[in-house]
Amino acid sequence: MNLHGIVVAAGRGERFGGPKAVVLLGGIPLWVRAVESLRQAGALTVTVVGAAPGGIPGGIRRRDSVAAGLAALPSDASHVLVHDAARPLASASLGRLVAARLQVGDVDGVVPGIPVADTLKQVEGARVVTTVSRSGLIAVQTPQGFVLDALREAHRADDSDATDDAQLVERNGGSVVFVPGETSNLKITRPEDLAIAEAWLP
Ligand code: CTP
Ligand code: MG
């Protein structure tokens with residue numbers, strides 16, 4: 001397995017109030033933390049997409065930024081870990097777990113996921129329409145791991161938007177499995193998330 005990494009850091013951070021990747025957490029930029037976790041998980045190189053120093057230009061949608069990263073990977077890469085710069089607390093062992101499951105060789109993609117704990121309701125404005133069963137639902141994180149050919153083929157086959165990479169592979173008929181995620185692996189989405197991450201720093 002020739003494993004490489006992509007960190008996407010090109011978002012506009014609209015909900016945060018500005019680009020997040022260069023924000024410091026415990027004195028270290030979010031994107032650096034994301035790169036380090038992939039390196040420690042065994043990625044031979046990590047391609048950074050976005051505003052980070054040395055980053056390559058991203059795209060309008062997250063999937064466009066991932067595509068830019070895919071195009072820039074070393075030619076001998078066979079597998080890839082795709083990770084959000086906005087998830088600075090993912091441990092290296094989570095990346096290793098994803099990579100190890102990928103290495104078994106029977107699936108196209110591996111995602112970290114956590115069973116949903118809250119009760120879910122579908123709403124229209126403030127009105128509750130119905131309660132959605134949470135049975136069989138997981139909340140999905142990054143890093144996500146893929147057979148590179150499968151992810152590239154999924155990108156070629158489908159130009160619609162997706163909030164994660166596995167969605168493209170699923171829609172293209174690929175097989176995706178999940179491994180246990182980490183409750184501490186929060187995504188920095190809004191300003192208050194940074195204080196939570198600060199408190200959770202190992
Ligand atoms: N991302 C990216 N390119 C985009 C959109 C998102 O590289 N066009 C990256 C973000 O930098 C982030 C990750 O994808 O690391 C997850 O996206 P999200 O948390 O939604 O970040 P933003 O899109 O920046 O935030 P918002 O949706 O609030 O604007
Ligand atoms: Mg976004």
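A polar contact is a pair of N or O atoms within 3.5 Å; within protein, one atom must be able to donate a hydrogen and the other to accept it, and residues adjacent in sequence count only if both atoms are side-chain atoms. In this structure, a nitrogen atom of ligand 1 is 3.3 Å from a polar backbone atom of Arg-61. This is a predicted model, in which local features need pLDDT of at least 70 and side-chain atom pairs count only at pLDDT 80 or more, while totals for chains, interfaces and linings use all residues. Residues are numbered from 1 along each chain as its sequence is written, and ligands are numbered from 1 in the order in which they are written.

**Ligand 1**
- A backbone N or O atom of Val-8 lies 2.8 Å from an oxygen atom of ligand 1, and a backbone N or O atom of Gly-59 lies 2.9 Å from a nitrogen atom of the ligand.
- Ligand 1 is surrounded by 18 residues (each with a heavy atom within 4 Å of it), and the closest are Ala-10, Glu-14, Ile-60, Ser-65 and Lys-187.

**Largest pocket**
- Ligand 1 takes up the space of the largest pocket, where sitting in a pocket requires more than half of a molecule's atoms to lie within 2 Å of its grid points.
- A pocket is an open set of points on a 1 Å grid over the protein atoms alone, where a 1.4 Å probe fits, with protein on both sides within 12 Å along at least five of seven lines, and lining residues have an atom within 4 Å of a point.
- The lining of the largest pocket comprises 33 residues, with Gly-11, Arg-15, Lys-20, Arg-62 and Lys-187 nearest its centre.

Note on methods: Side-chain values use heavy atoms; hydrogens and water are left out.
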